[in-house]
Amino acid sequence: MSKLLTRREWLRLATAAVAGVGAGGRLYAAPSSGPRFLLVFLRGGYDAANALIPYSSAFYYEARPTLAIARPDPGQSGGALALDRDWALAPALRDSIGGLYQQRQVAFIPFAGTQDLTRSHFETQDSIELGQPAGAVRDYRSGFLARLHHTLTASRSTDATAISFTDALPLIFQGRDQTLNVSLKNVPKPPFDDRQVQILTNMYAGHPLEPAVAGGLELRREVAHSMDALSEEMRASSRDALTIKGFELEAERIARLMRDTYRIGFVDIGGWDTHVNEGAAQGALASNLTGLGRGLARFAQALGPEWRNTVVVVLSEFGRTFRENGNRGTDHGHGTVYWVLGGSIDGGRIAGAQQSLERRDLFQDRDYPVLNDYRAVLADLFRSMWSLTPAQAEEVFPRVQPSNLKLV
Amino acid sequence: MPERLAQARTLLIGLALLLCSCAGSNTYPDPGEKMAANQALPRADVAWLERASFGLSSESVARYKSLGRERYLDEQIEASSESLPEPIAAQVRAVSAPPFDSAQTLRTLTERRKAIDALADPAAKEQARKALNDEGNHAAYQAIRLQLLREIYSTAQLREQMVWFWLNHFSVYQYKGDLRWLITDYEEQAIRPHALGHFRDLILATLEHPAMLQYLDNAQNAVGHINENYARELMELHTLGVDGGYSQQDVQQLARILTGVGINAFAPPHLKPEWQGLYVRRGAFEFNPARHDFAPKVLLGHAIDARGFEEVVQAVALLVRQKACARYISRELATYYVGDAPPSRLIEAMSVTFQKTDGDIAATLRTLLLSREFGAASGTLFKDPNRYVLSAVRLAYDGRTITNTRPLSDWLNALGEAPFGRQTPDGYPLTATYWQSPGQMSRRFEIARAIGSGNAHLFDAEDGGVSSGTGFPQLSNRLYYEAIEPYLATNTRAALNQANSPQEWNTFLLASPEMNYE
């Protein structure tokens, strides 16, 4: 194997190597249509009430003397954007998500969340990622995206290739199939040539880590190849990759891989735990939201025609206290607001069960209640996206009655 | 061809041949080292020693051989933080020598920020901000450098492991507040002295440290302005574990007990006479009765009398006494040393020791390291990135002093386990599955290549200066033949035999399953 392989030969080898990886790791030649799903996990519990503002609630303004965002004012540009008579979009999301909302490509589900009452980040994140019935003994080797992937690939020849855009493989993808992972925050050049890849892979033949080793080495090369092509395209179209950064750049790269190859994706963003100096229309939360909104808008744009086949869900482990705390921040709460985005969803509306938000309505006199269970909401989306049978939906989310939000 | 060029060419070919003669596919590594090696260390002892340290070194193997397991362990438990070879001790002194005054440090920072804000010229302001920021980064890096040097070179390996473990257990994130200026002191004064001591002292030392008070916001927690962040994590992450039998009610009660525990870098407040006796001040740590909630409280069913800071001491003692605390700490320690899902028998034995000794960490660790379960797990513990990088460097340079720790910190960063880099207070996961994904394995092999190929800049002057020498990693050393080579799997031998150069041989060895498990 001294001579350099042609790309065709390499593809053949790579496919052969990846055959041992399990169904999670198909890298090539996925047909370009069919549903795509990306889950964006905001770790830290984002303050939903300052992203989707319950502006018809007098108590909102009473409970947040320094944090409340002013009611939408049509006479004033750049403030909160009224979505209906109760809810408004934070100014930080106005340009990015506001535009998509007007095209009916975004829906919000307030009062969404889990039954978990620990108010612990880690506990609740784990609950969500595992997606198992509340109160049951947890199986830490079974995340719900891994189950979705397994269900889709086991039952038919769906090319539901899965990938996590993270440095480590999150719980949500722990399962029977080995899922690939790669962070797209930075994309270094792959250091090994074909011969070295072969030797390293052989060294793990028969070892429990063989799928991870083989899959990881192949993926690194494929990503580098794909990102080279992306940079080339951006250069050609005078879109300078250097002017975009952070999640926006990452989202563009994610879109590239999901457009070409992957059907089920996951990415997480940290930094939402705003106990102190959260800010209101401007400030720490607002700048996080700006980056998130721009990234999602860019993702939608970069997918091109495939955006019509794509659904994105943005969620977080819990909402925050409805009242601000003593430090111009908010503490761990309960219910939150989920976002659903997609090129052909029935959006431009606030979906799911709702209620008013005065003081008497708060859960334990402090938080948003949960009226829309996360498992029911996601089961509903997956069922519609992939036409799952009730038995299949049950595999992904056991003991759940899917909601009927008709978003897809 | 000009004559000099031809000469150079001949020389190059000669060099290449020379390299090949010792690095040819089957003659590299040097068989001379094999001849010189002593009798191999039994496999079970290799695994034990590997796990109870940051990887083998000639020094640790010799000491283990001469003392035997139990006496070696006792010596490790007694060993002081100052068990450093002189060149490293000098480097450590250079960083930690000036006595640290947290109040002075925070005062200076406040004053400098004020001065910066007062600057009228935007360019000058920006420049001053950047300068201060650079100083913060430098200060934080010194903490990381100190930690890495101690981990690689200290003969008190068990203590260094425990310092790492508790820094992770009481994790703080350098980029919050003023933490970059505080973390050296946090490690040296809050964690290190108690790493093998009593758990309660460790809690109180972290509770009073300005780094923790800023990181988990208790500095902001005051009567009428409750912030429950630290109170929650103190139970969930530091003492009881999430299923440790406390409720949201307990979190709120503990938050009220902790009101007034904060930071003051300036003059003490003027207090009513009846409060003056309750005021506590140590460095920048302050208990301010004027900020404390003196109403009655109940924690885990126990009444807490209104006594100011004594309430905190009482609450910590109560938490540490819980069976749940003994179990939770034992489980975490066992996971770090035995791997995912440690046997419940082991956790039970450790919990008994923990409770019997009132939370003596050394005693609990002794139960663990001399247990049957610890021995039985030999060779099955997957190294987290920190253990992986440290053990590779310890083997590759076996006692030779590196000068530049930047590459190590970069590698840990790339592998997702940067020191003081965990944003969330839960610390890095101790379970192997978290570190074994496809993305991480390929990243790890890249690090193996960086270390193995010998141009990793470990011998550069610190902070990007000129190289003070080079150091090609000598992985096929005597240590290798005594403790690693005898136990290599067939696949690994096959890979090593295909190496075309010493660099590649090193890379394959460092990428092998044998170097990734202990």
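**Reading the model**

Modeller: Helix α6 of chain A (residues 194–203) is largely enclosed by the rest of the structure, because eight of its 10 residues are buried. Buried means under 20% relative accessible area, exposed means over 50%, and partly exposed is in between (1.4 Å probe, protein chains only). Helices (H or I, at least four residues) and strands (E, at least two) are DSSP runs, numbered from the N terminus. Bear in mind that this is a predicted model, where local features need pLDDT of at least 70 and side-chain atom pairs count only at pLDDT 80 or more, while totals for chains, interfaces and linings use all residues. As for bookkeeping, residues are numbered from 1 along each chain as its sequence is written, chains are lettered from A and ligands numbered from 1 in the order in which they are written, and side-chain values use heavy atoms, with hydrogens and water left out.

Colleague: Which residues of α6(A) are buried?

Modeller: A:Asp194, A:Arg195, A:Gln196, A:Val197, A:Ile199, A:Leu200, A:Thr201 and A:Met203. Check the start of α6(A) too: there a side-chain oxygen of A:Asp193 comes to within 3.2 Å of the backbone nitrogen of A:Arg195.

Colleague: How many residues of helix α13 in chain B are buried?

Modeller: For α13(B), residues 229–239, the count is 11 of 11, so to speak a mostly covered helix. After α13(B) comes B:Gly241, with a positive phi near 85°.

Colleague: Now zoom out. What does chain A look like overall?

Modeller: Chain A has 11 helices and 12 strands, and 61% of its 408 residues are buried. Its accessible surface is about 15600 Å², with 50% belonging to carbon and sulfur atoms; such areas come from the Shrake-Rupley method with a 1.4 Å probe, and for residues only the protein chains shown count as cover. Contacts (heavy atoms within 4.5 Å) tell you about sequence range: of those in chain A with a separation of 6 or more, 74% join residues 24 or more positions apart.

Colleague: And how do I read a nonpolar core?

Modeller: In soluble globular proteins, nonpolar side chains tend to be buried together. A nonpolar core is a set of buried Ala, Val, Leu, Ile, Met, Phe, Trp, Tyr and Cys residues joined through side-chain atoms within 4.5 Å. The largest one here holds 164 residues, and B:Met162, B:Trp166, B:Phe199, B:Leu254 and B:Leu368 touch the most other members. Helix α8 of chain B (residues 122–153) gives this core its largest share, 11 residues. Apart from it there is another core of 71 residues, with A:Ala88, A:Leu219, A:Leu257 and A:Leu362 among them.

Colleague: What is B:Leu368 in contact with, leaving aside its neighbours within four places in sequence?

Modeller: B:Leu333, B:Ala334, B:Tyr337, B:Val338, B:Leu346, B:Met350 and B:Phe374.

Colleague: On to strands. How do I read the pairing?

Modeller: Two strands pair if DSSP finds at least two bridges between them. In chain A, three strands make an open antiparallel sheet in the order β2-β4-β3. Its edge strands, β2 (52–54) and β3 (81–82), each pair on one side only. Two bridges connect β3(A) with β4 (residues 87–89), and A:Leu81 has A:Leu89 as its bridge partner.

Colleague: Which strands pair with β8 of chain A?

Modeller: Strand β1 (residues 36–42) runs parallel to β8(A), joined by six bridges, with A:Val40 opposite A:Val267. Strand β6 (residues 162–164) also pairs with β8(A) in the parallel sense, over three bridges, and A:Ala162 stands opposite A:Ile264. β8(A) itself, residues 264–269, is mostly covered, with five of its six residues buried.

Colleague: Last one: how many salt bridges are there over all chains?

Modeller: The count is 52, where a salt bridge is a side-chain nitrogen of Lys or Arg within 4 Å of a carboxyl oxygen of Asp or Glu. Take B:Glu70 and B:Arg366, whose closest N and O atoms are 3.1 Å apart. This pair links helix α5 (residues 69–78) to helix α19 (residues 361–369) of chain B, 296 residues apart. Both ends are partly exposed: B:Glu70 has 44% relative accessibility and B:Arg366 has 28%.

Definitions and conventions: A polar contact is a pair of N or O atoms within 3.5 Å; within protein, one must be able to donate a hydrogen and the other to accept it, and residues adjacent in sequence count only if both atoms are side-chain atoms.
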